[in-house]
Amino acid sequence: MAADDADDVLTVYFNPNCSKCRGARDLLDERGSKADYLRYLDATPPRAELERVLGLLGLGDPRRMMRTGEAIYKELDLGAAKVTRDQLLDAMVEHPILIERPIVIRGERAVIARPPEKLLDLLDD
C-alpha cells in the first residue's frame, strides 16, 4: 500500500494513564506504524463521530463500547433497560471517561484493542 493510502492512517482513542492504551502504542511503535493519538478525555469526539465508530466496530449497542465499570455509569443508572441508545451516546459525549479504550481505527474498520494485540487484526490485512 502507498504511504498516503487512507487505509494506512491509524487513529487511536488514547488515554496516557491507561496501561492498555500504552500497550497499544508500544505495539504500534514496535511495528513501525504511525498513528494519530486522540486524547478523547481532553477533546471529546462529537456524537456523530461516536456513531461512526460504533458502525466501524460493527456494534449496535453503545454499551459495548462503554466502560460499564465506571462510577458515573452506575450513578447515571445507564445499565437500566429504560435507557435509550440516544441517552447512552449523550452520556459518552458528556462523560468521555465512559468511552472504552483503546479504540484503534484504520480506514473503514475499528477494534477495541483489549488486549492490545487485537489491533493486529487491522494491521495484518
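Me: Before we start, what are the ground rules on numbering and confidence?
Reply: It's a predicted model, where local features need pLDDT of at least 70, side-chain atom pairs count only at pLDDT 80 or more, and totals for chains, interfaces and linings use all residues. Residues are numbered from 1 along each chain as its sequence is written, and side-chain values use heavy atoms, with hydrogens and water left out.

Me: How do you know that the length of helix H1 agrees with its number of residues?
Reply: Helices here are DSSP runs of H or I with at least four residues, strands are runs of E with at least two, and both are numbered from the N terminus. The expected span of a helix is 1.5 Å times one less than its number of residues. For H1, residues 19-30, that gives 16 Å for 12 residues, and the end C-alpha atoms are 16 Å apart, so the two agree.

Me: Which residues of H1 are buried, and what makes them lie on the same side?
Reply: Buried means under 20% relative accessible area, exposed means over 50%, and partly exposed is in between (1.4 Å probe, protein chains only). In H1, Cys-21, Ala-24, Leu-27 and Leu-28 are buried. They cover an arc of only 125° around the axis, so they sit on the same side of H1; the arc is that of the directions from the helix axis to the C-beta atoms. As a rule, an α-helix has 3.6 residues a turn, so residues three or four places apart point the same way.

Me: What covers those buried residues of H1?
Reply: The cover includes strand S1 (10-13), strand S2 (35-38) and helix H5 (120-123), with contact meaning heavy atoms within 4.5 Å. After H1 comes Gly-32, with a positive phi near 75°.

Me: Why are S2 and S4 called edge strands?
Reply: Two strands pair if DSSP finds at least two bridges between them. Four strands make an open sheet in the order S2-S1-S3-S4, with mixed pairing. S2 and strand S4 (109-112) each have a single partner strand, so one side of each is left without a neighbour in the sheet. The twist averages 20° from one strand to the next.

Me: How many bridges join S1 to S2, and how many join S3 to S4?
Reply: S1 and S2 run parallel and are joined by four bridges, and Val-12 has Tyr-37 in S2 as its bridge partner. S3 and S4 also have four bridges, but pair in the antiparallel sense. Those two form a hairpin with two residues between them, and Gly-107 in the turn has a positive phi of about 60°.

Me: Why is the pair of Tyr-13 and Tyr-40 called stacked?
Reply: Rings of Phe, Tyr and Trp (its six-membered ring) pair if their centres lie within 6.5 Å; planes under 30 degrees apart count as stacked, over 60 as edge-to-face and the rest as tilted. The structure holds two aromatic pairs. In the pair of Tyr-13 and Tyr-40, the centres are 6.1 Å apart and the planes at 25°, so it is stacked. Tyr-13 lies in strand S1 and Tyr-40 in the loop between S2 and helix H2 (47-57), so the pair ties together parts 27 residues apart in sequence. Tyr-13 counts as buried at 0% relative accessibility, and Tyr-40 counts as buried at 0% too.

Me: What makes the pair of Phe-14 and Tyr-37 edge-to-face?
Reply: Their planes stand at 70°, with 5.1 Å centre to centre. Phe-14 is in the loop between S1 and H1, and Tyr-37 is in strand S2, 23 residues apart. Phe-14 counts as buried at 3% relative accessibility, whereas Tyr-37, at 28%, is partly exposed.

Me: How do you know that the buried residues of H2 line one face?
Reply: The buried ones are Leu-50, Val-53, Leu-54, Leu-56 and Leu-57. Seen down the axis of H2, they fall within an arc of 160°, so they line one face of the helix. The face turned away from that buried side carries the exposed residues Ala-48 and Gly-55. Covering the buried residues of H2 are parts including S1, H4, S3 and S4.

Me: Where is Asp-77, and what is its phi?
Reply: Asp-77 sits in the loop between helix H3 (71-75) and H4. Its phi is positive, about 55°, although Asp-77 is not a glycine. At 41% relative accessible area, Asp-77 is partly exposed.

Conventions: Axes are lines fitted to C-alpha atoms, for helices over the stretch in contact, and angles run from 0 to 180 degrees between N-to-C directions.
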